[in-house]
Amino acid sequence: MSVKQGLLALLAEAPAGAYQLRKEFEARTGGTWPLNIGQVYTTLQRLERDGLVAALPASPDGGEPYELTAEGRASAEHWWLTPVQRGTAERDELVIKLALALASPGVDIAAIVQAQRAESMRALRDLTRLKMQVPEPPSTADHTWSLLLDH
């Protein structure tokens, strides 16, 4: 996902200014993707240049809201319905560490695996505890947090 698509998705709900979009983006991603306000402004300028959003008159508080154009709404709808393509596997530090260890004499591979296993079990316990704290029925923010924990 790109910031562009995230902003289009948010603007599909209602017009908003850069600060509001930043705040909502971070809230909806569970705080796992902080945005620099400059990045939001730059993205909005590009979206406007590309005809996907239009600036609205400044609000009394000085905010500069944007709304989707018809082309922007179509782009957001297309993005929602387009499956996420899984690219090449990310570099996994553990896999690289083990591959290097296999070719390095004197490295205790079993110790590496055991240390990683202990850390993985600790992390799973922590995530399970956090998952058990999600209230029933969950709010929208709780659903976001639950998805992040599951991932």
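Let me start with a term: a residue is buried when its relative accessible area is under 20%, exposed when over 50%, and partly exposed in between, using a 1.4 Å probe and protein chains only. Hello everyone, by the way! What we have here is a predicted model, where local features need pLDDT of at least 70 and side-chain atom pairs count only at pLDDT 80 or more, while totals for chains, interfaces and linings use all residues. Residues are numbered from 1 along each chain as its sequence is written, and side-chain values use heavy atoms, with hydrogens and water left out.

Eight of the nine residues in helix 1 are buried, among them Gly6, Leu7 and Leu8. What covers them? The cover includes helix 2 (18-28), helix 3 (37-49), strand 1 (53-55), strand 2 (66-68) and helix 4 (70-81), where contact means heavy atoms within 4.5 Å.

From helix 4 comes Ser75, which counts as buried because its relative accessible area is 19%. Setting aside neighbours within four places in sequence, Ser75 touches Gln5, Leu8 and Leu52.

Now, how do helix 1 and helix 2 pack? Their axes are 10 Å apart, at an angle of about 105°. That makes the two helices roughly perpendicular, a label used for 65 to 115 degrees. Gly6, Leu7, Leu10 and Leu11 of helix 1 meet Leu21, Glu24, Phe25 and Arg28 of helix 2. For the axes, lines are fitted to C-alpha atoms over the stretch in contact, and angles run from 0 to 180 degrees between N-to-C directions.

On to charges. The model holds seven salt bridges, each being a side-chain nitrogen of Lys or Arg within 4 Å of a carboxyl oxygen of Asp or Glu. One of them pairs Glu13 with Arg28, with the closest N and O atoms 2.6 Å apart. Glu13 sits in the loop between helix 1 and helix 2, and Arg28 in helix 2, so this pair ties together parts that are 15 residues apart in sequence. Glu13 is exposed at 52% relative accessibility, whereas Arg28 is partly exposed at 37%.

Within helix 2, Glu26 and Arg22 lie four residues apart, about one turn, and their salt bridge has its closest N and O atoms 3.6 Å apart.

Methods:
Angles under 35 degrees count as roughly parallel, over 145 as roughly antiparallel, 65 to 115 as roughly perpendicular and the rest as oblique.
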